[in-house]
Amino acid sequence: MIKLTIDGREVELERPVTVLEAAKRVGVTIPTLCYFEGLPNFGGCRLCLVEVERLPKLQTSCTLMASDGMVVRTETEQIRAARRAMLEFLLINHPLDCPYCDKAGECTLQDLVARYGPEAGRFAEGKRKHPESLDDPIIVRNMERCVLCTRCVRMCEDLQGAYAISVSGRGGHSLIEPFSGGRYDCEYCGNCLTVCPVGAIMSRLHRHSYRPWFVEREVETVCGYCGVGCSMVLQVREDSIVRTIPRFGLGLNNGLLCVRGRFGYDAVDGEGRLTTPLIRVEGRLEPVGWEEALAFVASRLGEIKDSHGGRAVGAIASGRCTNEDNYMLQKLMRFVIGSNNIDSAARFHYAPAEAFLESVFGQGITANLIPGIADSDGVFVTGGDPTAINPVLGLQVRAARRSGGKVIVLGPPGGLKRFVDHELVPMPYSDEVVLSAIVGGLMEAGRSSGENRAVEERLKELRLPSEEELSAAGIGPEALARAVDDLLKMTNPVVILGPEIMDGARASKRLFLVGAVAYLMNARIYLLSERPNYQGVMDMGCVPDLLPGGGPIGLEMLRDRIEAVLGLRVPEEGGLTLFEMVDEAERGGLRALYVMGEDLLFSLPDRARVQRALGRLDLLVVQDIYLTETAAMADVVLPAAAWSEKDGTFTNLERRVQLLRRGRYPRAGREDWRIIADIGGRLGMEKTYRSAEEVWEEVTHASPLHAGLGYSEIAGGGAVWPYHSEPLKGTEAGFAVQGLGELPGVEAPGGPYLMPERPLFHSGTLSRRSRALLSIHPEPYLVIPPSLSEELGVTDGGRVRVVGAKGTMVLKVRIDPDQREGTVLLSNTFEGANFAGLVGFTADPVTGCLTIEDNTVRLERVDDEAL
């Protein structure tokens with residue numbers, strides 16, 4: 001136990017901390033400028049000076065470790081004089097433009113000068129001049145205001161890991177500048193804005209339009225972009241969101257945000273936001289009132305159910321909607337209409353991957369805490385770039401590497417490139433060859449533990465590649481051996497699995513092999529999630545074969561429980577997946593489809609086929625915040641509330657249930673659960689609800705997984721799986737794997753493979769509504785390797801015609817020296833220029849996931865004169 005005295009207050013410490021931190025614990029505030037919680041201590045501003053008995057000089061409390069018997073004073077005349085002198089030095093070059101500066105009101109320097117002085121400066125020389133930089137789309141830099149605290153540099157290097165800025169120049173000519181000069185070559189996370197104590201680095205979105213005293217209220221909520229579930233604070237004025245900020249100590253992201261979370265909040269205010277319900281009249285969507293729209297939907301659903309049975313109706317839930325929204329949709333479908341035809345876009349990758357891994361290893365195999373990644377001594381990544389798909393999770397991988405852990409990436413490393421120890425980039429669709437070789441290397445080292453006999457029996461069937469086959473896949477045997485050797489040395493490893501591992505044929509084999517790598521290494525598995533609530537969609541029963549709580553629909557005990565709670569029967573007939581609903585609609589068997597928060601026509605490949613299927617429906621209802629391409633085909637369009645306009649819960653990829661709080665009230669739309677409940681009431685559903693919390697209360701009774709889990713507990717941040725329940729047991733050995741005894745041949749395709757890009761600056765179609773994100777990434781482009789640009793004779797920014805099996809597009813080109821040979825990338829974000837519009841698809845026969853087909857393309861240079 002360490003005992004010391006600070007300003008006459010006794011402090012007891014169980015472990016050594018700095019004097020600054022010890023003072024905080026007893027309520028003593030020591031002023032700082034360069035110190036920021038979470039950053040490495042710097043001791044450069046000298047404002048945290050304190051007196052320590054028996055030490056002759058003032059000491060910087062942010063770097064001085066507390067020791068037993070210390071007597072510390074933090075406010076003496078000598079200390080105040082030193083602080084006053086340091087502030088006077090800082091003001092020599094700092095402009096006195098507080099009324100004009102956007103940082104006024106929340107500027108640390110302003111506060112310190114007001115507290116300590118000086119009242120006037122004694123230096124008559126002119127101030128240093130440096131022009132304000134507007135080179136960046138969302139960041140403005142004014143280095144005349146910079147006090148060289150280096151907070152931004154330490155944030156960028158030590159927490160973000162982007163290494164985009166540094167101190168350039170020497171002495172009085174020192175500046176904080178991008179390494180590249182001019183515009184930042186960075187991830188635009190904006191975390192440097194969080195830590196800047198003055199107005200040197202600010203947001204262009206709020207330039208000359210924001211002051212902290214404008215904020216009327218602050219709302220703690222959860223980001224609505226990806227499955228990490230970052231906590232954030234919405235700052236609101238006149239029922240408009242004026243800024244989103246993180247807060248250190250709040251949530252698993254602990255003060256960090258990505259570019260989408262910090263700047264993409266304005267996506268809910270994009271042009272074309274739906275303001276009124278629409279009904280198709282004589283081929284055109286016409287505005288109507290809510291009562292007419294809800295009555296029409298209920299009447300038509302009732303007619304179709306009576307004429308064709310509940311199986312003729314299907315619904316698509318959404319990973320962007322809350323647990324309460326999704327639960328209400330499955331209740332309408334299952335218990336009012338009598339159909340198990342409910343699914344979501346989680347069917348593409350996330351839901352099948354989780355279901356398969358749980359069938360192999362048991363329930364909850366992917367329920368692991370994100371901060372634990374940074375504590376691991378090794379990370380194996382495959383299936384996509386975590387720094388783009390789930391950026392704050394990707395930062396944990398970088399942190400693990402900085403702490404001495406090894407990082408091995410199978411596939412293009414993306415934002416992990418400078419953090420990778422082993423970069424294994426095979427030929428397209430050769431991942432299973434490399435995975436087979438890795439599994440073989442681990443087995444040869446005797447890593448089989450005997451804990452999962454089913455897995456080890458199946459591994460005996462695995463055909464291992466020869467050195468020639470491995471080389472043909474693009475990986476040298478020596479490189480693979482070095483990677484396996486480092487895998488064997490890991491004692492606390494993690495495996496991170498992205499959606500791209502499932503894009504090709506035999507997804508079950510690749511999933512099994514990744515699972516086998518984790519099993520043989522005794523590693524934790526993390527499943528990347530592109531939407532904030534894919535896990536919640538599954539947990540709420542928006543899957544044809546699962547009830548709320550994730551229990552199998554065929555389990556009689558669970559059926560009896562939910563039927564007793566709701567007083568309604570679970571339909572016995574099996575349900576259809578999303579892909580099966582498309583097939584059934586095309587055949588004419590599915591007559592009505594209720595789509596909540598998804599743009600199927602845009603997101604699904606083979607647009608012509610999906611359009612044909614949707615066109616054959618007797619009733620298409622779309623509930624969304626914008627008139628999407630699917631909504632434009634609908635018979636009824638219902639305007640919904642966005643994530644920042646509703647209360648409820650999300651379940652992130654850790655399976656942590658998090659509280660979503662309304663930042664503002666919907667301008668015209670309604671909460672999704674409320675719309676569905678109103679329709680259900682018109683179809684005979686007796687229960688009524690006044691709030692999202694009342695819907696959740698029903699969830700806690702209907703779902704054994706969520707029993708006893710109230711909003712108050714969720715708000716505390718500790719609602720982590722399995723909550724108050726017990727996971728289901730006995731799932732081992734109930735799985736099938738395709739092609740264990742085979743290896744794919746490596747053949748040259750007729751053209752490059754078109755692969756999906758998952759860009760950092762966008763997330764599906766929602767982000768294209770954000771003016772801020774569009775200022776960084778304003779248009780679609782085709783990413784190609786340099787060799788292909790030479791072959792085509794096209795330069796960066798030039799245009800090519802992309803001819804695919806399902807469509808043709810003319811796109812701008814971006815040449816990326818790190819792009820894998822034989823492949824080109826296109827995102828699925830921009831209307832009329834998206835990946836899904838050029839390729840076909842089928843459902844994997846084992847996992848049921850989306851399998852991309854017909855994705856070889858032909859590229860032709862397009863000269864400007866031809867446009």
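Modeller: Domain bounds here come from an automatic or database domain assignment, and on that basis this predicted model is divided into domain 1 (2-75), domain 2 (124-267), domain 3 (278-349 + 536-600 + 650-715), domain 4 (350-527) and domain 5 (753-866).

Colleague: What makes domain 2 and domain 3 count as being in contact?

Modeller: Contact requires heavy atoms within 4.5 Å, and 16 residues of domain 2 meet that condition with 15 residues of domain 3, although the C-alpha centres of the two domains lie 39 Å apart. Between them domain 2 and domain 3 bury about 1,200 Å², of which 47% is on carbon and sulfur atoms. On the side of domain 2, Val222, Asp239 and Leu252 lose the most area to domain 3, together 35% of what that side buries.

Colleague: How do you know which polar interactions join domain 2 and domain 3?

Modeller: A salt bridge needs a side-chain nitrogen of Lys or Arg within 4 Å of a carboxyl oxygen of Asp or Glu, and the count between domain 2 and domain 3 is zero. For polar contacts, with N or O atoms within 3.5 Å, ten residue pairs are found across this interface, both residues at pLDDT 80 or more. Strand E10 (217-222) gives the most to the side of domain 2 that touches domain 3, with five residues.

Colleague: Why are strand E18 and strand E19 called paired?

Modeller: Pairing takes at least two bridges, and three join E18 (residues 406-410) to E19, so these parallel strands qualify; in one of the bridges, Leu410 has Leu424 of E19 as its partner.

Colleague: What makes E19 an edge strand?

Modeller: In the open sheet of five strands, ordered E19-E18-E17-E20-E21 with parallel pairing, strand E19 (422-424) and strand E21 (524-527) each pair on one side only.

Conventions: Residues numbered from 1 in each chain as written. Predicted model: local features only at pLDDT ≥ 70, side-chain atom pairs only at ≥ 80, totals over all residues. Heavy atoms only, no water. Helix = DSSP H or I, 4+ residues; strand = E, 2+ residues; numbered from the N terminus. Buried area = accessible area lost by both parts, 1.4 Å probe. Polar contact = N/O pair within 3.5 Å; in protein donor to acceptor, adjacent residues only side chain to side chain.
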